[in-house]
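This report looks at a ligand and the place where it sits in a protein. Look at the sequence and the structure before reading on.

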Amino acid sequence: MVKIAPSILSADFANLGKEIKALEEAGADMIHIDVMDGHYVPNLTFGAAVVKALRPYTKLPFDVHLMVKDPDKMIPWFAKAGADIITVHAEACSHLDKTLMSIKEYGAKVGVSLNPATSEETIRYVLDRLDQILVMSVNPGFGGQTFIDSQLEKISNIKQMIGDKAIEIEVDGGINPMTAAECIAAGADILVAGSSIFVGGDYKKNINGLR
Ligand code: DX5
Ligand code: ZN
C-alpha cells in the first residue's frame, strides 16, 4: 500500500505540535517537512530548531525535504534535530555524490529530489547511495500548485531504472485523489500532500482518499 506523507507546509503554523499529533492519529506514515531557505526557492519556512522542537510530538519518521542552496552545512543540523530522512535537490548540490555520502554518515536515510525539468539520468550513477527518490511534480517553493503531468513518465522511468534496488519513489506537489491514482499506477511508493490533506480539516478522510 502507498505511504502518505503529509506536508506541514499547509498546517497551522501556530499549532504545529498539535497538527503533527492529529496527522499521526489520522494514519499518516511519515511527516514531510519542507525546509525553504529563501534562496534556492523564494519562500522561507522551517529551520532545524523547529524540527527539534517538534520531535517529541510523534514517533513517525520525519521526512525532511531541503529546498536550500548548498545543503552540506545544514545536513548535520537537521540530522541532530531528529530528521529520519534527509532529501537534497540534485540541482542544488555542487558535488551530489559527496553530499549523499554525508547524509548517510550523519545517520539519516538518504534522499535526492529532482525538479520537473531535471532528467532521471542525473541520478543514474548515485543510485547505490539512495534510500528514496523524490520526484517534484510542481516547481518547488509553494503549496497548492497544479500537478505537472509530464512527471508521470519520469516516475515510470525511475521505477525501471532502480529495478530491484531497495529505493522508494516519492512524489511531491499537486497530489489529490486523481493524481494520486496516476502516480501509484506509474510506480510511486510514497505520496506527499499538503493542500489535499488539510482541506476541510478531516485529515483521516483525506489521507484515506489518497490511498
Ligand atoms: C513544494 C513542497 C511540497 C508542497 C506540496 O515546494 O515541496 O511538499 O507542500 O503541497 P501541495 O500538496 O499543496 O501541492
Ligand atoms: Zn516537499
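How many nonpolar, polar and charged residues does the shell around ligand 1 have? In this predicted model, the shell has 8 nonpolar, 10 polar and 2 charged residues.

## Residues around the ligand

There are 20 residues around ligand 1. Those that come nearest are Asp 34, Gly 141, Asp 172, Gly 194 and Ser 195.

Some secondary-structure elements take part in this shell. Strand 2 gives the most, with 3 residues.

At Asp 34, a polar side-chain atom lies 2.7 Å from an oxygen atom of the ligand.

## The pocket

Ligand 1 takes up the space of the largest pocket. Two or more residues of the shell around the ligand come from each of strand 2 (31-36), strand 3 (62-67) and strand 8 (190-193). The volume of the largest pocket is about 290 Å³.

The lining of this pocket is made up of 25 residues. Gly 143, Gly 144, Gly 173, Gly 174 and Gly 194 lie nearest the centre of the pocket. At least two lining residues are supplied by each of strand 2, strand 3, strand 8 and helix 7 (195-198). By class, the lining has 10 nonpolar, 13 polar and 2 charged residues.

How values were computed. Residues are numbered from 1 along each chain as its sequence is written. Chains are lettered from A and ligands numbered from 1 in the order in which they are written. This is a predicted model: local features need pLDDT of at least 70, side-chain atom pairs count only at pLDDT 80 or more; totals for chains, interfaces and linings use all residues. Side-chain values use heavy atoms; hydrogens and water are left out. A residue is near a molecule or strand if one of its heavy atoms lies within 4 Å of it. A polar contact is a pair of N or O atoms within 3.5 Å; within protein, one must be able to donate a hydrogen and the other to accept it, and residues adjacent in sequence count only if both atoms are side-chain atoms. On a 1 Å grid over the protein atoms alone, a cavity is a set of points where a 1.4 Å probe fits but cannot get out, and a pocket is an open set with protein on both sides within 12 Å along at least five of seven lines; lining residues have an atom within 4 Å of a point. A molecule sits in a cavity or pocket if more than half of its atoms lie within 2 Å of its grid points. Helices (H or I, at least four residues) and strands (E, at least two) are DSSP runs, numbered from the N terminus. Ala, Val, Leu, Ile, Met, Phe, Trp, Tyr, Cys and Pro count as nonpolar, Asp, Glu, Lys and Arg as charged, and the others, Gly among them, as polar. Grid points are joined across faces, edges and corners, and a volume is the space filled by probe spheres set on the points.
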